[in-house]
Amino acid sequence: MAEPRPRVWVSQPLFDDIVERLGEYCQVTAAAEVAEYSPAQIAAALAGADGALVTLNERIGAAEIAAAARLRVIANVGVGYNNLDIGALNAAGILATNTPDVLTETTADFGFALLMATARRITEAERWLREGHWQQWSFSTMLGADLHGSTLGILGMGRIGQGIARRAAGFDMRVLYHNRSRLPQDTERECRAAYVGFDELLAQSDHLLLVLPYSLQSHHIIDAAALAQMKPTATLVNIARGGLVDEPALADALAGGRLAAAGLDVYEGEPAVIPELLALRNVVLTPHIASASLATRRAMVSLAVDNLIAALGFGADAGRPPTPVNAAALAAAGNAAIGKTAAIKR
Ligand code: 8YV
C-alpha cells in the first residue's frame, strides 16, 4: 500500500496558486478566511499535521505542539519568528523555517518611506488638509526635519539594516549603527556605516530606525531611559517588532516634546494600538506592512512552501529546506535527519 501523503495545515489564506504546489505531495487543509485562533484551536490543527505553514499571527509553543506527535516542520511566512518558541520546537525535534532575503529590499524601502513620512510629517499634513484646515499658505506650516545631512542611527544591522544604510547614502546621511556584533570592515565600508555603542547611537541619531529581532533580551530596549538619551528633535521608526518599544513611555515622550515624532509599523499588542499613541498627531501609524509589496509577499509564501516541501522530504531539495532556523540545534541534538542535512547546506 502506498504511504499516506503527509498532512499539512495552512493557517491563513495566502496565495492559492502558490500554496497549490503543496497539493502535489501533501493533503492540505488551508484556512479559507483570515482567522484568529485560540491556543486550543492551534493545538487541534497541529495535532494531526506533519507540517504547517503559519504566519506571525499564530503563536506556537510547548502547549500548542503537545499533542502534535507527527509534526516535523513549521514553515513561518516571515523573517522574524518570535511567534515560535524555538526551544520548545527543538525539544520536540520539530524544524522551523523562515523567509529571509526575499523581503530585504522591500522592507528596507518601506523603512525609508516611513522615515520620510515621519520626518516630513506627510500623513499629518494630508490629514490636516483633508480636514479643511488649509485656509491660507503659510511659511510655518508643517515644518519638519531634514533627512539629507542628518545622522541616521540603525539599531540592528542585519540584512534589512544594511539595506537601509545603502539607501541612506543616496540621501547624503551619516550612518551610525549598533548591533550585537560588529560587521566586517568591508561591509561597514560598503554600507558607509560606523559602529557605535548603544548609548552613543541614542545620543547622536537625528533619526533612529529599529531593525533588530525581538527576543527576551531586546524586550523594551527602547524604554523611558533610552528615550531620555535621544535628542528631543529626533524621530524614531520601528519596522521590526512592537515589543522592542515601551509604547506608553514613547507616547509620553512624544506628548511631552521630548521626542519629535515616531513612525510605527509594528505594535506590542497588534492589531491593537494603544490609545495614547492613537491620540497623538506626531506619530505615523501603519498596519505591519513593511514587506507588503505583491511581489515580495508572493516570494515569501513561495519560499515557505519550498521549505515545507523540502523538509517533508519531497522535491529537488528533499531533506534540505532552503532557510531553516533551528537545523543546527536539531542536528546537534541528533534529533532529526532533516536537521543534519539542512545544517550542512547552510
Ligand atoms: C511579515 C514580518 O509580513 O517577515 C517578518 O518578520 O514581520 C513581515 O514581513 C509577517 O511576518 C507575516 O507573517
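Helices (H or I, at least four residues) and strands (E, at least two) are DSSP runs here, numbered from the N terminus. This is a predicted model, where local features need pLDDT of at least 70, side-chain atom pairs count only at pLDDT 80 or more, and totals for chains, interfaces and linings use all residues. Residues are numbered from 1 along each chain as its sequence is written.

- Most residues other than glycine have a negative phi, and most peptide bonds are trans.
- Asp172 sits in the loop between helix H7 (159–170) and strand S7 (174–178), and its phi is positive, about 55°, although it is not a glycine.
- Asp172 counts as exposed because it has 10 C-beta neighbours inside 10 Å; the cut-offs are 20 or more other C-beta atoms within 10 Å for buried, 12 or fewer for exposed, and partly exposed in between, with C-beta atoms placed from the backbone.
- Arg121, in the loop between helix H5 (104–119) and helix H6 (122–130), also has a positive phi, near 60°.
- Arg121 counts as buried because it has 21 C-beta neighbours inside 10 Å.
- Glu270 and Pro271 are joined by a cis peptide bond with omega at about 10°, and Pro271 belongs to the loop between strand S11 (261–264) and helix H12 (275–278).

- Five residues from domain 1 and seven residues from domain 2 make the contact, which requires C-beta atoms, placed from the backbone, within 7 Å.

**Ligand shell**

- Around the ligand you'll find Thr55, Leu56, Val77, Gly78, Val79, Gly80, Leu103, Ala290 and Ser291, taking a residue as near if its C-beta atom, placed from the backbone, lies within 6 Å.
- That shell divides into five nonpolar, four polar and no charged residues; Ala, Val, Leu, Ile, Met, Phe, Trp, Tyr, Cys and Pro count as nonpolar, Asp, Glu, Lys and Arg as charged, and the others, Gly among them, as polar.

**Strand S3**

- In strand S3 (residues 51–54), Gly51 and Leu53 point one way, Ala52 and Val54 the other way, and all are buried.
- S3 runs parallel to strand S1 (residues 7–10), with three bridges between them; pairing takes at least two DSSP bridges.
- Val8 has Gly51 of S3 as its bridge partner.
- Strand S4 (residues 73–76) pairs with S3 in the parallel sense over four bridges, and Val54 is partnered with Asn76 in S4.

Methods: Contact = placed C-beta atoms within 7 Å.
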